[in-house]
Amino acid sequence: MLASIRRSHNHTIYASYLGYITQAIVNNFAPLLFLTFIDEFTLTMEKITLITTINFAVQLAVDAIAAKVVDRIGYRPCIVAAHVFAAVGLAGLALFPAVLPPFAGILLAVVLYAVGGGIIEVLISPIVEACPTERKAAAMSLLHSFYCWGHVFLVLVSTGFFAMFGIGSWRVMACLWALVPLFNVFYFMLVPISPIVAEGTRQLSLRELFRTKVFWILLVMMVCAGASEQAMSQWASAFAENGLKISKTMGDLAGPCAFAVLMGTARALYGKFEARIPLKGFMIGSCLLCIGCYLLAALCNAPLMALVGCAVCGFSVGIFWPGTFSIAAPAIPGGGTTMYALLALAGDLGCSGGPTVVGMVSGAAGGAMQTGLLAAIIFPLLMLLSTLMMRTKDAR
């Protein structure tokens with residue numbers, strides 16, 4: 001069995017799937033507890049917003065560092081360390097607030113699992129891209145769908161657990177989720193990892209990347225992909241419960257869970273029908289749908305329709321992140337680790353900035369989350385413009 005794992009790149013892909021499930025847990029478990037943190041630790045909306053901001057800001061910093069150090073250290077030690085950080089951080093979310101000032105304990109846990117999440121975000125996509133498989137765009141889309149299935153699994157299991165044992169048992173749930181990255185620590189010690197830059201292809205330097213005009217468009221696309229996704233995803237639970245006055249259980253199922261299901265569906269469908277659907281055309285249509293979803297969630301007074309906007313937004317943003325990676329690989333063949341790290345950095349900048357914009361604008365508007373969501377519509381608009389620029393560039 002161990003010999004089979006060491007030889008088969010299928011196991012590399014399976015471990016990568018678990019890596020993105022870990023990423024989903026890291027990014028989306030704490031938002032399910034935002035209102036619980038407010039009640040239990042008497043935190044303000046600004047401090048709750050800071051939890052999300054710190055998470056993605058740390059991931060962003062790790063992305064920047066990874067561009068310089070991963071090739072020196074090696075992919076395997078880095079991806080194993082990433083899962084160690086994620087496991088310790090998730091368990092620490094339960095333990096640290098009991099031994100430190102609660103908000104400081106939460107932030108320490110967030111910093112630790114964000115380090116793991118940042119490394120995972122940089123390394124998983126190039127690890128899968130380097131595997132000897134065909135239909136790279138389909139493989140990338142399917143890989144990123146596991147982030148969504150991980151999100152769905154997280155919400156369903158957590159919601160069921162809280163319904164059975166009460167929200168007060170959230171510390172136990174945090175420790176149970178830490179077992180997922182702990183398992184993947186040992187899995188990634190065994191699987192084969194291929195060279196990231198193919199033989200005969202020269203890896204571009206950082207200066208050469210920054211001189212490539214297409215790279216700058218790709219960076220904007222990644223910022224907008226992360227912001228469009230997380231501005232809605234991170235606030236969907238609180239928006240449903242607080243803004244739309246829906247129970248926590250129903251809010252989690254109809255908000256972040258439905259969002260994740262539809263986001264994963266979009267990625268899985270594109271992975272299946274990639275040969276028949278032009279990627280950039282699909283992304284342009286998704287941008288238009290995303291804009292409509294933000295308008296529906298922000299402006300509709302009917303709670304059911306606003307929830308539909310939140311949920312369908314998941315489908316609309318599904319292709320943004322993997323689609324941009326798939327465009328980048330053939331557009332800049334020698335990009336290597338540096339390109340993937342900087343794209344991940346841009347994506348995490350968007351992941352941090354999107355929810356922060358919603359939180360800050362909502363706070364300035366007296367807690368009106370609809371106003372914050374309306375402000376975030378700038379991100380799918382910029383995504384649309386950037387994708388149109390890439391398609392126009394191809395047509396020349």
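Reply: A residue is called buried when its relative accessible area is under 20%, and exposed when that area is over 50%. Cysteine 313, at 0% relative accessibility, therefore counts as buried in this predicted model. Cysteine 78 is likewise placed in the buried class, because its relative accessible area is 10%. As for bonding, a disulfide requires a pair of cysteine sulfur atoms within 2.5 Å, whereas the cysteine sulfur closest to that of cysteine 313 belongs to cysteine 290 and lies 4.2 Å away, which is too far for a bond. Under that rule, the count of disulfides in the model is zero.

Turning to the serines, serine 125 belongs to helix 6, which covers residues 102–130, and its relative accessibility of 0% means that this residue, too, counts as buried. Once its neighbours within four places in sequence are left aside, serine 125 is in contact with Tyr20, Met140, Leu143, His144 and Phe325.

Serine 141 is found in helix 7, made up of residues 136–165, and with a relative accessible area of 1% serine 141 is buried. When residues up to four places away in sequence are not counted, serine 141 touches Arg267, Tyr270, Gly271, Ile319 and Pro322. The pairing of serine 141 with tryptophan 321 brings together residues that are 180 residues apart in sequence, yet their C-alpha atoms are 8.8 Å apart in space.

Note on methods. Residues are numbered from 1 along each chain as its sequence is written. This is a predicted model: local features need pLDDT of at least 70, side-chain atom pairs count only at pLDDT 80 or more; totals for chains, interfaces and linings use all residues. Side-chain values use heavy atoms; hydrogens and water are left out. Helices (H or I, at least four residues) and strands (E, at least two) are DSSP runs, numbered from the N terminus. Buried means under 20% relative accessible area, exposed over 50%, partly exposed in between (1.4 Å probe, protein chains only). Contact means heavy atoms within 4.5 Å.
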